[in-house]
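Dear colleague,

I am handing over the structure below, and after it you will find an account of what came out of looking at it. Please read the text with the structure open beside you.

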Amino acid sequence: MDISSLFSFLSVAERLKCNTRHCDTTSGRRESVAEHCWRLALMAWLVRDEFPTVDIDRVILMCLTHDLGEAITGDIPTFEKTKADEQTEGEAVRALFATLPAPNGTELCAIFDEIDAQQTDEARLFRALDKFEAVMQHNESDIASWLPLEYDLQLAYGEREADAFPYTRALKDALNAWTRKKIENAKNP
């Protein structure tokens with residue numbers, strides 16, 4: 001890849017470090033989109049042995065790139081995101097990928113399409129882990145930062161995706177137990 005294209009693309013990607021998500025970290029500051037993507041990729045790598053037939057490198061690439069559109073659009077919490085927002089983000093990420101020379105841009109567009117289609121084990125695993133990382137981050141944050149709707153959302157978010165594999169079901173069940181305990185502890189300090 002020529003250096004100019006590399007620097008240009010990475011300069012846009014850098015904005016993920018600046019764009020924050022709805023959730024706080026354990027230190028009480030807003031989590032960046034880049035931090036979410038990084039920990040999600042680490043999570044995928046750590047559970048790789050649970051999915052011997054899944055191309056975990058492809059899942060990790062999904063983890064690292066899935067939110068690149070947010071470098072342009074910013075993050076919109078899932079409970080506020082509309083179909084129009086999703087379309088705008090999709091157009092933004094495709095335009096960004098189009099700035100890359102082949103085969104890089106083509107491969108990233110294919111990854112994005114694969115995530116959207118949810119037809120491969122890699123895409124299904126990615127989607128489940130993406131939702132689980134968000135639930136985990138909320139569970140780690142101060143419950144005082146939660147909106148009222150998040151008490152139910154924490155338990156529902158990723159529920160459908162959890163059934164993709166036995167291990168993802170176990171992960172979601174453990175996250176739900178953690179969420180219930182966090183809520184109970186907040187009610188009875």
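In helix 6 the buried residues are Glu89, Gly90, Ala92, Val93, Leu96 and Phe97, and please keep in mind throughout that this is a predicted model. As for what the buried residues of helix 6 pack against, the partners are helix 1 (3–13), helix 4, helix 5 (70–73) and helix 7.

Two of the helix pairs can be described in more detail, and for such pairs the description consists of the angle between the axes and the distance between them. Helix 6 and helix 7 pack with their axes 8 Å apart and at an angle of about 155 degrees; since angles over 145 degrees count as roughly antiparallel, helix 6 and helix 7 are therefore roughly antiparallel to each other. On the side of helix 6, Gly90, Val93, Arg94 and Phe97 take part, and they meet Gly105, Leu108, Cys109, Phe112, Asp113 and Asp116 in helix 7.

The residues of the contact of helix 4 with helix 7 divide into five nonpolar, one polar and three charged.

Two points of the backbone deserve a look, given that most residues other than glycine have a negative phi, and most peptide bonds are trans. Between Ala102 and Pro103 the peptide bond is cis, with omega near 5 degrees, and Pro103 sits in the loop between helix 6 and helix 7. Gln118, which belongs to the loop between helix 7 and helix 8 (121–140), has a phi near 55 degrees, a positive value in a residue other than glycine. With a relative accessible area of 19%, Gln118 is buried, the limit for that term being under 20%.

Finally, there are two individual residues whose surroundings I would like to pass on. His22 is found in strand 1 (residues 20–24) and counts as buried at 18% relative accessibility. Leaving aside residues up to four places away in sequence, His22 touches Arg30, Asp75, Pro77, Phe79, His138, Leu147 and Glu150. Between His22 and Ile76 there are 7.7 Å in space, C-alpha to C-alpha, although the two are 54 residues apart in sequence. Gln137, for its part, is in helix 8 and is buried, with a relative accessible area of 7%. Again not counting residues up to four places away in sequence, Gln137 touches Cys23, Asp24, Thr25, Thr26, Glu31 and Arg39.

Definitions and conventions
Residues numbered from 1 in each chain as written. Predicted model: local features only at pLDDT ≥ 70, side-chain atom pairs only at ≥ 80, totals over all residues. Heavy atoms only, no water. Nonpolar A, V, L, I, M, F, W, Y, C, P; charged D, E, K, R; others polar. Buried < 20%, exposed > 50% of the residue type's maximum accessible area, 1.4 Å probe, protein only. Helix = DSSP H or I, 4+ residues; strand = E, 2+ residues; numbered from the N terminus. Contact = heavy atoms within 4.5 Å. Axes fitted to C-alpha atoms, helices over the stretch in contact; angles between N-to-C directions. Parallel < 35°, antiparallel > 145°, perpendicular 65-115°, else oblique.
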